There are 2 protein chains.
Amino acid sequence: MRDVAIVGIGQIRVSEYWDKSLRHLAHDALMAALKEAGVERVDAVVVGNTLAGLLTEQGHLGALVADFVGLRGVEAVRIDAADTSGAAAFRWGYMAVAGGLADVVIVVGVEQMSERSAEEVQQAHTSVLDQEYEGIHGVTPNAVQALLMRRYMHEFGVKHEEFSAFPVTAHQNAVGNPNAMFRRAIREETYARAGVIADPLNMFDVSPICDGAAAVVLCPAEKVKEYARGDKAPIRVLASAVATDAVAVHDRKDPLFLEAAYLSSHAAYTRAGITPRDVDIFELHDSSSIMAALSLEACGFVARGQAVHFAREGGIARNGLLPISTMGGLKARGNPLGATGVYQIVELVQQLRGEAGECQVHHARIGMAQNLGGTGGTAITHILGTF
Amino acid sequence: MRDVAIVGIGQIRVSEYWDKSLRHLAHDALMAALKEAGVERVDAVVVGNTLAGLLTEQGHLGALVADFVGLRGVEAVRIDAADTSGAAAFRWGYMAVAGGLADVVIVVGVEQMSERSAEEVQQAHTSVLDQEYEGIHGVTPNAVQALLMRRYMHEFGVKHEEFSAFPVTAHQNAVGNPNAMFRRAIREETYARAGVIADPLNMFDVSPICDGAAAVVLCPAEKVKEYARGDKAPIRVLASAVATDAVAVHDRKDPLFLEAAYLSSHAAYTRAGITPRDVDIFELHDSSSIMAALSLEACGFVARGQAVHFAREGGIARNGLLPISTMGGLKARGNPLGATGVYQIVELVQQLRGEAGECQVHHARIGMAQNLGGTGGTAITHILGTF
């Protein structure tokens, strides 16, 4: 297997785009990444997207995007792995380059949700659950996460207001990220007063409905000089790992332990030859405060039941033991589903290059991104490092 | 890159399954393939599916299927590349094994359409077209293919009834395939009298709405003896190639030339080190008679405008120059969209092993399968051979 380098990144601000269609969003991120990388050939385009079929009845996104950006003819596919579509698309690109099947691959994650009503989006997003056992009862992803949060509070004696550390940190970090959707800090009181969505989950526990696109260019490390004429330092992909769990939460051995996140992160540690202590930044899947807490625990950063305490003590802050959501995370940068996994990679690259501006985590050498599908039915972990 | 071997296959009969859900169909094909391969470990499950999101609002099929077959925890993703989802899933598995990222991978293509009305299926299937430029006018994939057929008839002076060789051959071949949906031969007169669907396309020009699932087990050729305890001869993957074209037909240089099929097949010939003359069997994408004709021409088997003549002369018959749709093809075995690409691979394996029964093509050493997305926006080609 060949070492894989990320030689270019591109992103648009996460927002609501009423004037552009899906292919335009993908185009803007993709062309920015191509330009930065300075590559003249592209062997494959991989598109990560979750809901375009359900929201706009547009499938066949691989060919559609490749053609629209002027790459008609090249290999192109769309990957749909629920909310992990972005990370799964990145893995396709990684496999193709690592395995020697392609030299230059561009991965783009794109999602457009804001054209539809919140009800339509919620309904469509329920496709990431087990429809025959969860969706049939009318529950949505937020509803399942609310049940998990309630159970966590009961099991570990945590009060709802104590979760505030997650959204407060995310929003604080987003202030310095020009590509974040919400660039406003919030206070604990704001969180405490927020309207309830699915008791106990409130408006500031969950990530927003939004549009976005992010892209990365990959090539073999040994051929960076040959293909990439850009002036950015390449970033190395140290590990890529996918694991799964029961999609329906009630089917899991322990609903409060994200088995897929555990398996996927630990496989990634092994492949990268590191331990959790070596991770300087963790871009986790904070689709809600409770998922952030469960991720920290499953990936071995804190003991069971300790994540909220760890967060309140500043462990997740930019200068903490393990900075998370450093550019705002799903909560404040935004969670355009199939693009999220690529945004996480793009932001890690910014951090590892030292180009994260006000969001910069100092001395960051190793970063980990983890994308979760549904309520943890799939977990895809990537670890990046400097060369 | 490592040589990749197919060490097990499984399939269910293409039919209408009112008593089983999607995960059951996938289970039945997948378990049959695992059993035949005699493998004890599985590193990854790749699920090809096209319409489950739109028809049943069920996404997240990778984790869902893996868990349901007792493989909870393993890497699992779902690939959606329009009608080429099955072939794209196979390519993911091929890349993982060839590149050394996984040793034993099971690929399953599954689709369930019959629970919905024909109108709902047509509407959902329109997602493989360009919605903003084709779908918006109300055209369906069949309607676009009808336009192509009319143009072909005009351009090359071919009468509609002359296309009969394609469905007649496909139905004849399906008689001997216990897994085909339509095991009845048809006559030219039946074709001539069939009801029109989208003028000039008639009922016997197009493939049916149906349910199905097919699976294959892959492992590195060098490790077949270590992992696969089955008693079947392994089949070798000689080439895998993806190419694209404009999704919207009006955007193509020449609507009667399937550029993606040309690029994909010729890349595959190069990778396999063969020419079209070396191909003994071609499982092509006969979603309609016109697509079969265009595929034969784009892949270099016959000159432009000659495909219908070639078919009428018996070139595509089991004992012809280039047998196609040897187990019934999309037309008569059936076209369960996201499963079709895997059925094609499974059938080639049956042929190359000499286990195709009444459908057996004698002295078949090299087989090619080509899966098309939409009306040729994506083409994925695989070439298989004996060791």
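This is a predicted model: local features need pLDDT of at least 70, side-chain atom pairs count only at pLDDT 80 or more; totals for chains, interfaces and linings use all residues.
In soluble globular proteins, nonpolar side chains tend to be buried together. Let me take Ile6(A) as the example. Leaving out residues up to four places away in sequence, Ile6(A) touches Phe90(A), Val216(A), Val217(A), Leu218(A) and Pro234(A), and also Ile235(A), Val237(A), Ile345(A), Val349(A) and Leu384(A).

I now move to the interface between the two chains. On chain A, 57 residues are in contact with chain B, and 57 residues of chain B take part in return. The size of an interface is often given as the accessible area lost when the parts come together. For chain A and chain B, the buried area is about 4600 Å², with carbon and sulfur atoms giving 53% of that area. Three residues, Glu57(A), His60(A) and Leu101(A), supply 16% of what chain A buries against chain B, which is more than any other three residues.

The polar side of this interface is also of interest. There are 30 residue pairs in polar contact across the interface of chain A and chain B, counting pairs in which both residues are at pLDDT 80 or more. On the side of chain A that touches chain B, the elements that give two or more residues are α2 (52–56), α3 (61–68), β3 (75–79), α4 (85–98) and β8 (235–244) of chain A. Helix α4(A) provides the largest share of that side, namely six residues. By residue class, the side of chain A that touches chain B divides into 26 nonpolar, 17 polar and 14 charged residues.

Side chains of opposite charge can pair when their charged atoms come close. Between chain A and chain B the count is eight salt bridges. In one salt bridge, Arg23(A) meets Asp130(B), with N to O at 2.6 Å.

Let me return to helix α4 of chain A, where Ser85(A) is placed. Is Ser85(A) buried or exposed? Its relative accessible area is 0%, so Ser85(A) is buried. The side chain of Ser85(A) reaches the backbone oxygen of Ala82(A) at 2.6 Å, and a polar contact of 3.4 Å joins the side chains of Ser85(A) and Asp80(A). Beyond residues up to four places away in sequence, Ser85(A) touches Gly48(A), Asn49(A), Thr50(A), Ile79(A), Asp80(A), Gly338(A) and Asn371(A). Ser85(A) and Leu337(A) are 252 residues apart along the chain, yet 7.7 Å separates their C-alpha atoms.

In chain B, Ser85(B) has its place in helix α4, residues 85–98. Ser85(B) counts as buried because its relative accessibility is 0%. A polar atom of the Ser85(B) side chain lies 2.6 Å from the backbone oxygen of Ala82(B). The residues that Ser85(B) touches, not counting those up to four places away in sequence, include Gly338(B) and Asn371(B).

Finally, the salt bridges of the whole structure: how many are found over all chains? The search finds 40.

Arg252(A) pairs with Asp245(A), the closest N and O atoms being 3.5 Å apart. Arg252(A) is buried, with a relative accessible area of 6%, and Asp245(A) counts as buried at 3%.

Glu189(B) meets Arg187(B) in a salt bridge of 3.5 Å, N to O. Here Glu189(B) is partly exposed at 39% relative accessible area, while Arg187(B) counts as exposed at 52%.

Glu355(B) forms a salt bridge with Arg353(B), with the closest N and O atoms 3.3 Å apart. Glu355(B) is partly exposed, at 35%, whereas Arg353(B) counts as buried because its relative accessibility of 14% falls under 20%.

On chain A, Glu36(A), Lys232(A), Arg353(A) and Glu355(A) are linked in a network of salt bridges. With that I conclude, and I thank you for your attention.

How values were computed. Residues are numbered from 1 along each chain as its sequence is written. Chains are lettered from A and ligands numbered from 1 in the order in which they are written. Side-chain values use heavy atoms; hydrogens and water are left out. Contact means heavy atoms within 4.5 Å. Buried area is the accessible area (1.4 Å probe) that two parts lose on being put together, summed over both. A salt bridge is a side-chain nitrogen of Lys or Arg within 4 Å of a carboxyl oxygen of Asp or Glu. A polar contact is a pair of N or O atoms within 3.5 Å; within protein, one must be able to donate a hydrogen and the other to accept it, and residues adjacent in sequence count only if both atoms are side-chain atoms. Helices (H or I, at least four residues) and strands (E, at least two) are DSSP runs, numbered from the N terminus. Ala, Val, Leu, Ile, Met, Phe, Trp, Tyr, Cys and Pro count as nonpolar, Asp, Glu, Lys and Arg as charged, and the others, Gly among them, as polar. Buried means under 20% relative accessible area, exposed over 50%, partly exposed in between (1.4 Å probe, protein chains only).
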